[in-house]
Amino acid sequence: MAITASMVKELRDTTGAGMMDAKKALTESNGDMEAAVDWLRTKGLAKAAKKSGRTAAEGLVAVKVEGGHGVAVEVNSETDFVGKNAEFQSMVSNIADAALKADDVEALKAAEINGKSVETTLTDAIAKIGENMSLRRMESIDGETVVSYVHNAAAPGMGKIGVLVAMNGGNEEFGKQVAMHIAAVNPASLSEADLDAAVVEKEKQVQMDIARESGKPEAVIEKMIVGRMQKYMSEVTLLNQSFVVNPDLTVGKAAEEIGATITGFVRLEVGEGIEVVKEDFAAEVAKAAKG
């Protein structure tokens, strides 16, 4: 596979590796970006890449809580300008209200708001505003207490990042602090038990390869891996992370001290994982001229 300059740039931006190292990693990995990141890490040439995805789409995430039930929905638009539009915000709020009684995205699309289905409402908004929009996803959570938080709020209950935290015990103030932590740190899961086993095994293999590069005996490497995996778990699982409000405590320990048990969370960020091909202004002008 031909290794392009844009691929090298993307890998460098992701890992901070040098140009020649990035090119070699892509060559060794036959152009596979994820494998190239792992290759660089194995050689000690890159930091662990946090797979947050390239956020490119615009729109809003809205959160709603009713009793012990909370929902978060993401509605995308093409430009940030639409996200600031009062009509768009009102529609997103109504969609979030409907989501409280829906089981999934498909059911939500069929749900009615103001006498029309959500899907029809979106189609009408596209025709009126003149910009493509989509109901991308919804997630829900239940608990004794559910607390919501919105980061970069554009209007009450909606913004760029929406978080829901479910817990037993504790109080709303603590739940809000945990939600703010989740918005900022973006944990992969609640605890080790909730992590994808394949992701854990892959990380362990990368750490083994890194350790073997040091030339140490296998028995020593095995002991090194235990410590490295504990560090990895403390970085990616909510309950094991240092609490941003009090870094001397983990989130789990802080919950324990206040008499709370965190049972789950939802975090949605606008455009997370969506890639949009962008052309520079000169390229757009050139294309328009040819047309």
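1. Let's start at strand E6, which spans residues 145-155 and holds Asn152. This is a predicted model, and in it Asn152 has a phi near 55°, a positive value in a residue other than glycine. Most residues other than glycine have a negative phi. Is Asn152 buried or exposed? Asn152 counts as exposed, because its relative accessibility is 51% and the cut-off for exposed is over 50%.

2. Asn30 is another residue to look at for its backbone. Its phi is also positive, near 55°, and Asn30 is not a glycine. You will find Asn30 in the loop between helix H2 (19-28) and helix H3 (33-42).

3. Over residues 70-272 the chain is 46% helix and 31% strand.

4. Next, the largest nonpolar core, which has 27 residues. Which of them touch the most other members? They are Val73, Ile95, Leu108 and Leu135. Two or more residues each come from strand E1 (58-66), strand E2 (69-77), helix H5 (86-99), helix H6 (105-110), H7 and strand E5 (133-142). H5 gives the largest share, seven residues.

5. Leaving out residues up to four places away in sequence, Ile95 touches Val73, Val75, Leu108, Ile113, Val118 and Leu135. Another core, of 21 residues, lies apart from the largest one, and among its members are Ile161, Val163, Val165 and Ile182.

6. Helix H7 (residues 118-129) also contains Thr121. Thr121 is buried, because its relative accessible area is 14% and the cut-off for buried is under 20%. Neighbours within four places in sequence aside, Thr121 is in contact with Met91, Ile113 and Lys116.

7. Helix H11 (residues 251-258) is worth a look from both sides. Its buried residues are Val251, Ala254 and Ala255. They cover an arc of only 100° around the axis, so they sit on the same side of H11. The face turned away from that buried side carries the exposed residues Glu256 and Glu257.

8. What covers the buried residues of H11? The cover includes helix H8 (172-185), together with strand E8 (242-243), strand E9 (246-250) and strand E10 (260-269). Just after H11 comes Gly259, with a positive phi of about 80°.

Conventions. Residues numbered from 1 in each chain as written. Predicted model: local features only at pLDDT ≥ 70, side-chain atom pairs only at ≥ 80, totals over all residues. Heavy atoms only, no water. Helix = DSSP H or I, 4+ residues; strand = E, 2+ residues; numbered from the N terminus. Buried < 20%, exposed > 50% of the residue type's maximum accessible area, 1.4 Å probe, protein only. Contact = heavy atoms within 4.5 Å. Arc of directions from axis to C-beta. Core = buried A, V, L, I, M, F, W, Y, C linked by side-chain atoms within 4.5 Å.
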